[in-house]
Amino acid sequence: MMLDYKEYNGSLPTLSSNLYAYTKVANIIFVDFPLGTGFSYATTVKANHSNNLQAAHHAYQFLRKWLLVEHPEYLNNPFYVGGDSYSGIAVPIVTQVISDGKKLKMDLEGV
């Protein structure tokens, strides 16, 4: 979907289908981590404090549940890990945890 750009007339914006959308060939999952960043949250005070390795394991647990339980149809798709800002520290750790994972065999293609 994309916004239809036109002169503002007081009404709500309208959307139209994008024939060239990346979603025709790829899927993206945006994950806010570590806990407490973006829209992520913890249900206990203790869980809200984690180091980089714990945060990486939390991300791995999320991926395991998301791929194995909720959306197994995506399990064999090529998988890339990316991020910005502080993720320059977290992404390599998450990638290593995924690579070492024994319970989640996925097509990890790159970082």
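Met106 is located in the loop that connects helix H2 and strand E4 (107-110); helices (H or I, at least four residues) and strands (E, at least two) are DSSP runs, numbered from the N terminus. The model is predicted, so that local features need pLDDT of at least 70 and side-chain atom pairs count only at pLDDT 80 or more, while totals for chains, interfaces and linings use all residues. Residues are numbered from 1 along each chain as its sequence is written, and side-chain values use heavy atoms, with hydrogens and water left out.

With a relative accessibility of 15%, Met106 is buried; the classes are buried for under 20% relative accessible area, exposed for over 50% and partly exposed in between (1.4 Å probe, protein chains only). Contacts, defined as heavy atoms within 4.5 Å, link Met106 to Leu67, Leu75, Phe79 and Ile98, when residues up to four places away in sequence are not counted. The C-alpha atoms of Met106 and Tyr74 are 9.2 Å apart, and the two residues are separated by 32 residues in sequence.

Met106 is also one of the residues that touch the most other members of the largest nonpolar core, together with Leu67, Phe79, Ile98 and Leu104; this core has 15 residues. A nonpolar core is here a set of buried Ala, Val, Leu, Ile, Met, Phe, Trp, Tyr and Cys residues joined through side-chain atoms within 4.5 Å. At least two residues of the core come from each of H1 and H2, and H1 gives the most, with six residues.

Thr95 is part of helix H2 and, at 11% relative accessibility, is buried. The contacts of Thr95, not counting residues up to four places away in sequence, are Val81, Leu108 and Val111.

One aromatic pair was found in a search of the whole structure. The pair is formed by Trp66 and Tyr74, and it is stacked because the ring centres are 5.6 Å apart and the planes lie at 25 degrees. For this assignment, rings of Phe, Tyr and Trp (its six-membered ring) pair if their centres lie within 6.5 Å; planes under 30 degrees apart count as stacked, over 60 as edge-to-face and the rest as tilted. Trp66 is buried, at 18% relative accessibility, whereas Tyr74 is partly exposed, with a relative accessible area of 29%.

The largest pocket has a volume of about 830 Å³. Its lining consists of 32 residues, and Ile28, Ile29, Phe30, Phe79 and Tyr80 lie nearest the pocket centre. Two or more lining residues are given by each of helix H1 (52-70), strand E3 (78-80) and helix H2 (87-100). The largest share, five residues, comes from H1. By class, 24 lining residues are nonpolar, six are polar and two are charged; Ala, Val, Leu, Ile, Met, Phe, Trp, Tyr, Cys and Pro count as nonpolar, Asp, Glu, Lys and Arg as charged, and the others, Gly among them, as polar. Pockets were located on a 1 Å grid over the protein atoms alone, as open sets of points where a 1.4 Å probe fits, with protein on both sides within 12 Å along at least five of seven lines; lining residues have an atom within 4 Å of a point. Grid points are joined across faces, edges and corners, and the volume is the space filled by probe spheres set on the points.

Two backbone features are listed next. Most residues other than glycine have a negative phi, and most peptide bonds are trans. The peptide bond from Phe33 to Pro34 is cis, with omega near 5 degrees, and Pro34 belongs to the loop between E2 and H1. Ser85, which is not a glycine, has a positive phi of about 55 degrees. Ser85 is in the loop between E3 and H2 and is exposed, at 72% relative accessibility.

Ala47 is placed in the loop between strand E2 (15-16) and H1. Ala47 is partly exposed, with a relative accessible area of 30%, and touches Leu35 and Ala42, not counting residues up to four places away in sequence.
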